[in-house]
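Take the walk through this model one region at a time. Start with a loop, then move to a helix pair and a chain contact.

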Amino acid sequence: MHITFGNVVMWGIALIFIVLAITKNYEPLLLVPIGFGMFIVNLPMTDLMVEGGLLWVPYHYAIDHFDLIPPIIFMGIGAMTDFGPVIANPKMLLLGAGAQFGVYVTFFGALLFGFTMPEAASIGIIGGADGPTTIFLTSKLAPHLLGATAVAAYSYMAMVPIIQPPIMKALTSKEERKIKMKTLRPVSKIEKIGFPLVATLIICLLIPAAAPLVGMMMVGNLFRESGVVERLSGTAQNELINIVTIFLGLCIGATMPAEVFLKASSLFIFCLGLIAFAFSTAAGLLLAKFMNLFLKDKINPLIGAAGVSAVPMAARVAQVVAREEDKRNFILMHAMGPNVAGTIGTVSAAGLFLSLLG
Amino acid sequence: MIEWGKAFETFIVGFGGVFITLIILQTGISIYSKIVVGVTSMAKKKG
């Protein structure tokens, strides 16, 4: 074994990831371990990803073969998420659905680039801006693309504040960005406790393939809202998610040896992922504008852009853009509605892809 | 060779399915909230 030029290029990419994570704070929890995994797997004779190797074992058993890690991450996400804004204003769920448009546009784009249908679905789901769902779907439909799709998803999630504002400003007028929304009604504890049960019932009956992700997200949320299992809730949103994130990041990075990653297809995946993300943002915005044609109480269309998952970054970006027009306009809580709805929408899209193509 | 029939089926069932699922979820949550709010206010009146 010797060091190839490709290995050196991968060291450079790994270094860029680590530097961006440290200096710019771009998804550091993922990009630091991914960068290091990428670096170490491109050292000769390390044998970490050969059968029985240190990173092969968690990759094979917890990601590739049994798909354990993404649902555990979803449990943590559920334990961290307040679904109150969605319960207070369930119409926001529609924005989470609309923002999945980019997933399907890119699905067709990937087909035109010569990818197979399962590969195209795995690339399209990047538009949902949800890393664990992208990993979950890709590991089932196109495991050979796992490294590229996961890195694209997390990279674009990190770049939400750069990618979304120009699209948001291009598709909305100043007046629309200034729209102030009514304060959300308070949501009772009973409503919050029942939500994970109602959501699990409806989504799992309609899309059984989404059960691993939806079920775990909702059990995490039930831990949080029940108020009687603080230890479980705390573990799900801290220790457990942190432990699996370490292995997830290292293993994803380790799926990118130079001979696998440095191909034209990886570049296409990055380009298509960006298209997916841009279309999802635009579709969410345009759907919000469309809904305003029928609504008495108008919604600020900027919150539609938060329909891509990327919780809570996309909601924060909507708030920042709204405040650029009017410093007294607070839409953050309103934007959290489509934001968490986007997560449910992306999971549903992944479940449907699995049902149709798996 | 792209199977356009299967691709469009995936688009229609997939994107349509996401919308239908979330519309049903929206309706379900609205009904559930109304029941909870109604029962709670009745209990408050009685209590």
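Ala310(A) lies in the loop between H17 and H18 of chain A. Helices and strands here are DSSP runs, numbered from the N terminus: H or I of at least four residues for helices, E of at least two for strands. The model is predicted: local features need pLDDT of at least 70, side-chain atom pairs count only at pLDDT 80 or more, and totals for chains, interfaces and linings use all residues. Residues are numbered from 1 along each chain as its sequence is written, while chains are lettered from A and ligands numbered from 1 in the order in which they are written.

Ala310(A) is not a glycine, yet its phi is positive, at about 35°. Is Ala310(A) buried or exposed? It is buried, with 33 other C-beta atoms within 10 Å. The cut-offs are these: 20 or more other C-beta atoms within 10 Å of a residue's own make it buried, 12 or fewer make it exposed, and anything in between is partly exposed, with C-beta atoms placed from the backbone.

The loop between helix H17 (264–292) and helix H18 (313–325) of chain A also holds Pro312(A). A cis peptide bond links Val311(A) to Pro312(A), with omega about -10°.

Now go to the loop between helix H2 (28–41) and helix H3 (56–64) of chain A, where Met45(A) sits. Met45(A), a residue other than glycine, has a positive phi near 65°. Met45(A) counts as exposed because it has 6 C-beta neighbours inside 10 Å.

Next, a helix pair. In chain A, the axes of helix H9 (residues 131–141) and helix H10 (residues 146–158) come within 9 Å and cross at roughly 165°. Axes are lines fitted to C-alpha atoms, for helices over the stretch in contact, and angles run from 0 to 180 degrees between N-to-C directions. H9(A) and H10(A) are therefore roughly antiparallel (over 145 degrees; under 35 is roughly parallel, 65 to 115 roughly perpendicular, the rest oblique). Among the residues in the contact are Ile135(A) of H9(A) and Tyr154(A) of H10(A). Contact means C-beta atoms, placed from the backbone, within 7 Å. By class, this contact has 6 nonpolar, 5 polar and no charged residues.

Finally, chain B. It has 1 helix and 0 strands. Its C-alpha atoms fill a box of roughly 70 × 10 × 5 Å along the principal axes. Of the 47 residues in chain B, 26% are buried. The contact between the chains takes 24 residues from chain B and 34 residues from chain A.

Conventions: Contact = placed C-beta atoms within 7 Å. Nonpolar A, V, L, I, M, F, W, Y, C, P; charged D, E, K, R; others polar.
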